[in-house]
Amino acid sequence: MKKKIDFVLNGEKISMEIDPLKRLLDVLREDCSLTSVKEGCGEGECGACSVLLDGEIVNSCLIPVGTVEGAAVETVEGIRESENGKRIIDAFAEEGAVQCGFCTPGMMVGAEWILRKYENPTSDEIRTALSGNLCRCTGYDMIISAVEAAAKGGRK
Amino acid sequence: MNNISTPVRRLDAVEKTAGYTKYIADRDFGDLLYGKFLRSERPRARLVSVRKPALPDGYYIIDKDDIPGENAIHMLGADWPVFADDEVRFIGQSIALVVGPDRKVLEELVNQFEVRYEDLPAVLSLEDSMALKGGALHNDDNCYADYHLLKGDPDRAFEEADHIYEHTYETGPQEHVYMETQGFVGVWEDGKVHLHGSLQCPFYVRHAVTPVLGVKDDGVRVTQAPTGGAFGGKEHYPDIISTALAVAVDKLKKSIGIFYERGEDIVNSVKRHPSRITIKTALDKEGNITAMDFDSILDGGAFESCSCIVLQRTIFHATGVYDIPSTKLRGRALATNHIPFDAFRGFGAPQAIFALETHMDHLAEMAGVDPVAYKERYFMKKGSVTITNGKIHEEVKLPEILARAKEMSDYDRKAKEYGKGGNRGIGLSFFNHGGAFTGNGEKAIINAHVKVRKRADDVVEIYVSNVEMGQGLMTTFSKIAAQTLEIPIEKIEFIQPDTDIVPDSGPTVASRSIVIVGTLVGKASAKLKKQWVDGEEITVWQEYEEPDFVIPWNQDTFQGDAYPSYSWGVNVVEVEYDPVTFEVSIVGLWNVYDVGVPIDRMIVEGQIEGGLVQSLGWAYLEKMEFKEGRIQQRTMADYVIPTTLDVPAIENDFILNPYPEGAFGAKGAGEIVHNGGAPAFVSAVEMASGKRFDTIPLTPERIMEAGR
Amino acid sequence: MSESYRPESLDELLKLMDEKDLIPFAGGTDLMVQNAAPVLPGFKKDVVFLGHLKELQQIRKEGHDLVIGAAATLSAIESHPDTPGLLREAVALIAAPALRNRGTMGGNICNASPAGDSIPPLYALDAKFRLQSRKGERVVKAEDFFKGPGRTDRKKEEILKEIIVPLKEWNIKKYRKVGTRAANALTKCSITAAAKVKGGRIDDISIAFGAVGPVIVRDRTLEQNIKGLTMEEMKEKIPSILSDYSAIIVPIDDQRSTAVYRKQVCLNLLKDFLEQDMKG
Ligand SMILES: Cc1cc2nc3c(=O)[nH]c(=O)nc-3n(C[C@H](O)[C@H](O)[C@H](O)COP(=O)(O)OP(=O)(O)OC[C@H]3O[C@@H](n4cnc5c(N)ncnc54)[C@H](O)[C@@H]3O)c2cc1C
Ligand code: FES
Ligand code: FES
C-alpha cells in the first residue's frame with residue numbers, strides 16, 4: 001500500500017510514493033541508487049547499513065521508510081564531499097583502515113558521527129561508538145587510528 | 001625499512017571508503033531474475049519424491065533434469081552433485097533452484113515444494129563415521145584421505161621412552177563471516193554463460209561449470225566482482241552456487257542473480273574443518289622429547305570438496321616450528337553428514353598448531369619450566385629435517401623474532417609475576433606456514449602464467465587470475481611492477497580478473513599470491529624493462545619456474561620438500577580472567593613475523609591484525625554446534641565475531657629475512673596470521689586461571705567445566 | 001501485505017488501537033528482525049508507528065519518581081541526568097549505539113524477552129508501567145506485567161505509555177551483564193542488586209536476575225529474610241541465602257549458553273555481591 005513519504009536525503013528534500021514498510025536500506029539502494037549503504041546482515045548486527053538519521057547513527061536495515069517522514073537522512077554519498085568527509089577518507093586511506101571495503105562506508109558514517117559528537121575522541125570512545133560496526137578484515141586497530149587521525153585534523 | 005616495504009596508499013582505499021566501489025549486489029544488470037534454492041531438510045536420506053508447486057507465469061524450476069552435462073561439481077574430486085539426485089547428505093544441500101522476478105514469491109514457492117524423504121542413519125560424529133554407521137558414505141571406509149608419515153625411528157623411541165604423555169585436542173568449526181555474503185549474477189552473452197561473482201578463484205569456477213554445461217573451457221566466462229572478504233569461503237563454495245546458476249542461465253537465456261542473505265549464508269556455506277588431534281610424546285630420562293606420534297582427524301563433512309588438501313597442510317604442519325627427532329603420523333579426513341568443510345585461512349594449519357602448541361605448553365608445565373624456555377630447545381634451524389624428510393633451506397630467525405616479541409610484550413617479567421591462577425596471564429605461540437601449494441603442486445597442478453602488457457600510452461597492465469579481496473593484492477602487485485620498472489605506481493593498471501581476458505595464474509589461495517604470482521609479475525616486469533621502448537605496445541609473458549634447490553617431492557609417498565620456504569611468527573596474548581563469571585578479556589596483543597620482506601608494511605600489518613583477531617574469535621567466541629546435523633547458531637546474533645571492544649590495540653614488528661626466490665625477498669603472509677592466536681590465547685588463560693584446556697572455542701562455559 | 005499507520009497524536013494512536021487490531025511499532029529493532037522477509041517485512045497484522053510521538057518521548061522527574069515515556073530511546077535514557085545508575089548501566093550495555101538510537105524502553109519491555117536488559121533493573125527498582133487505552137489508563141507493577149517469554153498483561157487495544165521508576169536511595173549497587181561478547185552482545189545472564197545499609201544494618205535489599213527463567217527472577221520473600229539483618233548476621237547466612245536462590249534460579253540450555261553455567265554464574269555473582277560489594 002504505497003503512500004507519499006517526504007524526507008530530506010543528503011540535504012535535498014525528496015518525496016516518494018512508496019510502501020512505508022519498505023526498509024530504508026532498500027529504498028536507499030534500490031529507489032535512490034545509493035549503493036554505499038550495504039547489507040551485511042539485515043538484522044542490526046553489523047553496521048554495514050549505517051546512515052545518519054537526524055544526525056544520529058542508525059541501522060537502515062531496521063527502519064521502515066515510513067518512520068523517517070520529515071527526518072534528515074545522510075549517507076556516505078552526502079558526506080564524502082564535505083570537509084569532514086574528505087578528512088575521513090584521507091585518514092582511512094592513510095592509516096590502512098580499508099581492506100575488502102565492505103564495512104568501510106558504514107565505518108565512515110560512524111566516523112562522521114563521532115567527529116560531530118566529540119571534540120577530541122579518545123580511542124576508548126571511538127571503540128565504543130563503533131562497537132556496532134563489524135569488520136572481519138582489519139582487526140579494527142587501523143580503523144580506530146584512522147578515526148583518531150581524522151578527528152585530530154580539526155573539526156568542522 | 002627496505003624501500004618496497006614503505007607503505008603506499010592502497011589503490012582501492014579511497015574508492016571503497018567513499019562508497020564508489022560496486023560489489024556484485026550494487027551493480028545494475030537491467031532486468032534481473034532471482035534464484036533461490038530448495039534445500040535438504042535432512043542430514044541423510046533417500047529422496048523419495050519431490051512434488052513441485054504450480055508456477056506462476058515467469059517462474060521456473062531448475063533441477064537435476066535440466067543439467068546438460070554432468071551432475072557433478074568438479075573441485076578436486078567430483079562427488080558433490082549440483083542438485084541432489086536420489087539422496088541427500090546434509091541439511092542445506094541443493095535440491096532445486098527456483099527462478100523468477102519477485103523474491104517474495106520465490107520464497108513462497110520454495111516453501112510449497114513437498115519433499116518426501118526416507119531417513120537413513122545419519123553420521124553425526126567422528127565416532128559414527130569410524131563405525132561406518134548406516135554404511136559408508138565415502139569409499140568403504142569413510143576416509144576422504146588416510147595418510148601416513150614417518151621420520152626417524154619413532155617405534156624405538158617409544159620403546160625406550162622413560163615417560164610417555166598422550167592427550168587429545170579439539171577445535172570447532174569456524175564460519176568465515178566475510179562481511180559481503182555470497183553473490184553471483186549469470187548473464188547470457190555472446191552465445192555463452194557469463195558469470196560475475198564475489199569469488200577468489202575465477203578458473204576454479206570455470207573448471208567446475210564447464211563439465212556441468214558440457215562445454216569446452218572457453219564455453220563459460222567468469223569475471224570476478226569486487227569481493228567483500230573471502231578468507232577461503234569464496235574458494236570453492238562459489239562453485240556450488242555458480243554451477244546451479246549456470247544451468248539456469250543456459251536453459252533460460254536470461255540474467256539471473258543469486259544473493260545470499262546472512263542467515264542463509266551462515267547455515268549453508270562451508271566452514272573450517274573441526275579437528276581432533278591426539279599427540280603422544282616420548283620423553284627420555286632427562287625429559288627430552290625423543291619422538292611424537294600424531295593421530296590427526298578432520299571432520300570432512302558430507303562431500304570431499306578440498307578436505308584432502310586441507311588435511312595435507314594439517315599434517316605437514318604437525319610439528320610446527322620444532323625439530324622432533326622421530327615422528328609418526330596418521331592423518332584422516334572423515335565423511336560425516338555435516339555440512340561440507342572447506343578452505344579457511346590457514347587451511348588446516350591452525351588446527352595442527354593449536355594442538356601442538358597446547359601440548360608443548362602442557363609438557364613444559366609437567367617439566368616445571370616456562371613454556372617459552374621449554375619450546376626454544378626444539379626450534380628448527382637451517383638444515384633441519386622436516387616431517388616429510390625434506391629440509392629447511394632458509395635461515396630460521398626464531399631467536400630474533402622471540403627476542404623482539406619479548407621486548408615488545410615484556411613477556412619474561414609478566415610471566416614470572418603473574419604466576420599460575422592469579423587471574424592475569426600471558427601466552428606466547430610459535431608457528432610457521434609453508435608458502436604456496438604443497439609439494440610440487442605449483443608446477444604439476446597450477447603452472448602459473450602471468451601477462452604484463454605495456455600500452456602505447458606507456459601504462460602497464462597486469463593480467464593475472466589472482467583477485468583483490470581485501471588483502472591488498474592489487475596494490476602489492478602494482479607496487480612490485482612499478483618498483484621493478486622504476487615507474488610511478490599510477491602508471492600501473494591491475495586488470496579485473498576475467499577468464500576470457502587473463503591467463504591462469506592459479507587460485508587466490510595458500511599464501512601463494514605474492515610469493516609465486518607476485519614474483520612472476522616481478523620477473524615479467526624485469527623482462528619488460530629490458531625491452532622497453534617509449535610509446536610502443538609490448539606484451540611479456542612469464543611462466544612459473546620451480547626453484548632448483550628443493551628436494552624433489554613425491555606426491556605418492558609425501559616425501560621431500562613440502563614447501564620451498566616458510567614464513568615464521570610469534571603471537572603474544574595477554575588476558576584478564578574473571579573467576580566469578582569465567583569470562584576472559586584480552587588486554588594486550590603483540591606480533592612479530594618473518595615474512596621475508598614485507599611488500600608494503602602496512603598491508604602486511606593489516607593481514608597480521610585481521611588474521612589474529614579472526615583466530616582469537618575462533619579461540620573463544622565463535623561457537624558453532626551441530627544438533628542432529630543442524631547448525632544451532634543461525635544468525636550473527638548467535639554466531640558472534642569480535643567487535644571493537646573485544647580486542648585491544650595491537651603492536652607488530654618484522655624481522656627481515658629476504659627470500660631469494662620471492663619478489664623483493666617476499667614470502668607468504670596471508671594465512672600464517674591465523675595460525676598462532678588460538679594457542680597463545682589458551683596459554684594465557686591457562687596461566688590466568690590455573691586450569692588446563694584442550695578444546696576451543698574456549699568459552700566461559702568450558703572454562704567453568706574444566707577441572708584441574 | 002500489511003498496512004501501516006502514522007498517527008499525529010497520542011489520541012489518534014489510541015483511537016486507531018481501539019478500532020483496529022494493530023501492532024504498535026516503536027523503534028522496530030525487535031519487530032524488524034522478528035518479521036524480516038525478502039522485499040518487505042512480513043508482519044502478521046497491520047502496524048502503527050508510535051516512535052515519533054513527542055508525547056511518548058518525555059523523560060521527567062515527578063516527585064520521587066522518574067517517569068520515562070515509552071518511546072524514549074535507549075540513548076536518551078542513557079544520557080538523561082536523572083536516570084538511576086543501575087538502569088543507566090543496563091541500558092548502556094544494550095546492543096550498540098545505532099541500536100540504542102532507535103530502540104526504546106517501551107519496546108524492550110513489551111517485547112518481554114527474558115533477555116531484555118532493561119527489565120531486571122526495572123524489577124529491582126520497583127518500577128511500574130502506565131498502560132493506556134481509549135477507555136482509560138491503569139498502572140501495573142513490573143512483576144505483574146510479565147507473563148512469560150513474549151507474553152504480557154497488555155490488552156490488545158492498550159499501549160504502554162510510561163515507565164515509572166521510584167528514585168530510591170540505595171547505597172550499594174551492582175549491575176553485571178554476562179553476554180556473548182564484550183559489546184553488541186545478547187545476555188546469557190545478568191544480576192541487578194541494590195541494598196540500603198545504615199549503621200551496619202540492612203534496611204532494604206533488592207536482587208533480580210535476568211535471562212535465567214521465563215520471566216525475571218526476583219523473590220521478595222527471600223529479600224525479606226535478609227532485611228533487618230546486621231552485616232555480620234548476613235555474612236553468616238550467605239550459604240543459606242545462596243541455597244535459597246539456587247532453588248529458584250532454573251535456567252535452560254540454548255544456542256548461547258548452558259543451564260549449568262547460567263546458574264553457577266548467577267550464584268557466583270550473588271555471592272560476590274554479598275561478600276564483596278556489601279563490604280562497605
Ligand atoms: C542487533 C541487536 C542487538 C540487540 N541487543 C539487545 C541487548 O543487548 N539487550 C536487549 O535487551 N535487547 C537487545 N535487542 C533487542 C531490542 O533492540 C530491544 O528490545 C529494544 O529495546 C526494543 O525497542 P524497540 O522500540 O525497537 O521495539 P519494537 O521492535 O518497536 O517493539 C518491540 C515490541 O514491543 C511492542 N511495543 C513497542 N512499544 C510499545 C508500546 N509503547 N506499547 C505497547 N507495545 C509496544 C511492539 O509491538 C513489539 O512487540 C537487540 C536487538 C538487535 C537487533
Ligand atoms: S545490514 Fe543493517 S546492521 Fe547489518
Ligand atoms: S574491510 Fe573487510 S570487513 Fe572491514
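**The shell around ligand 1**

Guide: Strand 2 (22-25), helix 2 (31-34), helix 6 (105-111) and strand 10 (159-166) of chain C each bring at least two residues to the shell around ligand 1. Helices (H or I, at least four residues) and strands (E, at least two) are DSSP runs, numbered from the N terminus. Helix 6 of chain C gives the most to this shell, with 5 residues.

This is a predicted model: local features need pLDDT of at least 70, side-chain atom pairs count only at pLDDT 80 or more, and totals for chains, interfaces and linings use all residues. Residues are numbered from 1 along each chain as its sequence is written, chains are lettered from A and ligands numbered from 1 in the order in which they are written, and side-chain values use heavy atoms, with hydrogens and water left out.

Ligand 1 lies between chains A and C. In total, 34 residues surround ligand 1. A residue is near the ligand if one of its heavy atoms lies within 4 Å of it. The closest are C:P24, C:T29, C:D30, C:T104 and C:D117. By class, the shell holds 17 nonpolar, 11 polar and 6 charged residues. Here Ala, Val, Leu, Ile, Met, Phe, Trp, Tyr, Cys and Pro count as nonpolar, Asp, Glu, Lys and Arg as charged, and the others, Gly among them, as polar.

Now the polar contacts. Each is a pair of N or O atoms within 3.5 Å; within protein, one must be able to donate a hydrogen and the other to accept it, and residues adjacent in sequence count only if both atoms are side-chain atoms. C:T104 places a polar side-chain atom 2.6 Å from an oxygen atom of ligand 1. At C:G27, a polar backbone atom is 2.7 Å from a ligand oxygen atom. C:K177 has a polar side-chain atom 3.0 Å from an oxygen atom of ligand 1. Taken alone, ligand 1 exposes 970 Å², and the protein buries 94% of that. Accessible areas come from the Shrake-Rupley method with a 1.4 Å probe; for residues, only the protein chains shown count as cover.

Next, the interface of chains C and A. Here 27 residues of chain C are in contact (heavy atoms within 4.5 Å) with 29 residues of chain A. The two chains bury about 2300 Å² between them, 61% of it on carbon and sulfur atoms. Buried area is the accessible area (1.4 Å probe) that two parts lose on being put together, summed over both. The interface has 2 salt bridges. A salt bridge is a side-chain nitrogen of Lys or Arg within 4 Å of a carboxyl oxygen of Asp or Glu. A:E45 and C:R181 form a salt bridge through their side chains (3.0 Å, N to O). Strand 1 (4-5), helix 2, strand 3 (46-49) and helix 5 (97-100) of chain C give two or more residues to the side that touches chain A. Helix 5 of chain C gives the most to that side, with 3 residues.

Chain A also meets chain B. That contact takes 52 residues from chain B and 41 residues from chain A. About 3800 Å² is buried between chain B and chain A, with 56% from carbon and sulfur atoms. Across that interface there are 6 salt bridges. The side chains of B:R9 and A:E94 meet in a salt bridge (2.8 Å, N to O).
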